[in-house]
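Trainee: Please take me through this structure one feature at a time. I want to learn how to read each one.

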Amino acid sequence: MAGYQYLSDTDVSRLREWHRWLNDKAGRADRARLRRAVEPMDVMPTPAFIRFLKDMPERWQKDEQIRIEDAALVATVIAHVKADNTSKTIDIDSSEAMDVSFARSLAMPRERGGRPPLSELRFFQLQKSRDTAEFYRRIVRALALLDGRANIASLANDLLHWQREMRTIPARHPQERLTVRWATDYYAVLPD
């Protein structure tokens with residue numbers, strides 16, 4: 001299942017460092033600029049986005065595996081994350097502790113017996129987004145419903161996966177497609 005892992009450990013580390021800086025007093029202006037974007041492409045000519053690219057590993061700047069529009073989507077969406085959710089959950093199959101994925105967090109009620117932050121209808125609409133602008137609006141809305149708490153590594157990886165699937169033919173094996181992975185994670189914790 002490593003076929004959908006787009007971020008290296010270095011990418012994740014630098015992304016988390018940038019996010020911490022963004023939430024400090026020094027980064028607030030950049031955060032505001034990125035959050036004001038109507039769609040990710042709007043931030044490309046801004047100093048906030050250029051600074052993001054400089055803070056990320058070199059491959060983000062060279063447009064090799066991660067295209068500039070992918071980086072813009074990651075920067076604008078992560079700017080809406082207030083807190084990096086690094087909590088763990090127990091994997092049913094292996095009984096090992098693992099990070100809570102973004103899709104899983106969308107279904108996890110805040111209190112016992114409560115409703116999931118993102119309804120099944122909104123989850124379905126998010127997955128069926130037709131273009132990057134629509135996906136961006138829906139993912140930002142989902143983050144708002146999570147009170148800005150999300151696992152940055154999982155979210156950024158999923159954003160890159162979504163972008164890749166929009167540009168190319170979906171993965172040959174359904175379990176490697178983002179919509180299948182998200183549905184598996186979402187419905188695994190969705191209360192009955």
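Mentor: Start with Asn-85, which sits in the loop between strand S1 (83–84) and strand S2 (88–90). Helices (H or I, at least four residues) and strands (E, at least two) are DSSP runs, numbered from the N terminus. This is a predicted model: local features need pLDDT of at least 70, side-chain atom pairs count only at pLDDT 80 or more, and totals for chains, interfaces and linings use all residues. Residues are numbered from 1 along each chain as its sequence is written, and side-chain values use heavy atoms, with hydrogens and water left out.

Trainee: Is Asn-85 buried or exposed?

Mentor: Check the relative accessible area: buried is under 20%, exposed is over 50%, and partly exposed is in between (1.4 Å probe, protein chains only). Asn-85 has 10% relative accessibility, so it counts as buried.

Trainee: Which residues does Asn-85 touch?

Mentor: Touching, or contact, means heavy atoms within 4.5 Å. Leaving out residues up to four places away in sequence, Asn-85 touches Arg-149, Ala-150 and Asn-151.

Trainee: What about the whole chain? How many helices and strands are there?

Mentor: The protein has 10 helices and 4 strands. From the N terminus, the order is α-α-α-α-α-β-β-β-α-α-α-β-α-α. Buried residues account for 46% of the 192 residues. Take the contacts between residues at least 6 apart in sequence: 67% of them join residues at least 24 apart.

Trainee: Which residues have the most contacts inside the largest nonpolar core?

Mentor: In soluble globular proteins, nonpolar side chains tend to be buried together. A nonpolar core is a set of buried Ala, Val, Leu, Ile, Met, Phe, Trp, Tyr and Cys residues joined through side-chain atoms within 4.5 Å. The largest one here has 51 residues, and Phe-52, Trp-60, Phe-102, Ile-139 and Leu-155 have the most contacts inside it. Helices that each supply at least two residues of this core include H1 (9–23), H6 (102–107), H7 (120–127) and H10 (178–189). Ile-139 touches Val-77, Phe-102, Leu-126, Leu-155, Leu-159 and Trp-182, not counting residues up to four places away in sequence.

Trainee: How many residues of H5 are buried?

Mentor: 9 of its 11 residues are buried, so H5 is largely enclosed by the rest of the structure. Among the buried ones are Asp-70, Leu-73, Thr-76 and Ile-78. Their cover includes H1, H2, H3, helix H4 (58–61), H8 and H9.

Trainee: At what angle do H3 and H5 pack?

Mentor: Two packed helices are described by the angle between their axes and the distance between the axes. Axes are lines fitted to C-alpha atoms, for helices over the stretch in contact, and angles run from 0 to 180 degrees between N-to-C directions. H3 and H5 pack at about 105°, with axes 10 Å apart. That makes H3 roughly perpendicular to H5. The angle classes are under 35 degrees for roughly parallel, over 145 for roughly antiparallel, 65 to 115 for roughly perpendicular, and oblique for the rest. Phe-49, Phe-52 and Leu-53 of H3 meet Ile-68, Ala-71, Ala-72, Val-74 and Ala-75 of H5. This contact has 8 nonpolar residues, no polar and no charged. Ala, Val, Leu, Ile, Met, Phe, Trp, Tyr, Cys and Pro count as nonpolar, Asp, Glu, Lys and Arg as charged, and the others, Gly among them, as polar.

Trainee: How do H2 and H3 cross?

Mentor: The axes of H2 (residues 28–35) and H3 (residues 47–55) come within 9 Å and cross at roughly 110°. H2 is therefore roughly perpendicular to H3. Asp-30, Arg-33 and Leu-34 of H2 contact Ala-48, Phe-49 and Arg-51 of H3. This set has 3 nonpolar, no polar and 3 charged residues.

Trainee: And H8 with H9?

Mentor: Their axes come within 12 Å and cross at roughly 160°. H8 and H9 are therefore roughly antiparallel to each other. Thr-132, Phe-135, Ile-139 and Leu-143 of H8 contact Leu-155, Leu-159, Trp-162 and Gln-163 of H9.

Trainee: Last one: what is the phi of Asp-147?

Mentor: Most residues other than glycine have a negative phi. Asp-147 has a positive one, near 55°. Asp-147 lies in the loop between H8 and strand S4 (149–150). At 46% relative accessibility, Asp-147 counts as partly exposed.
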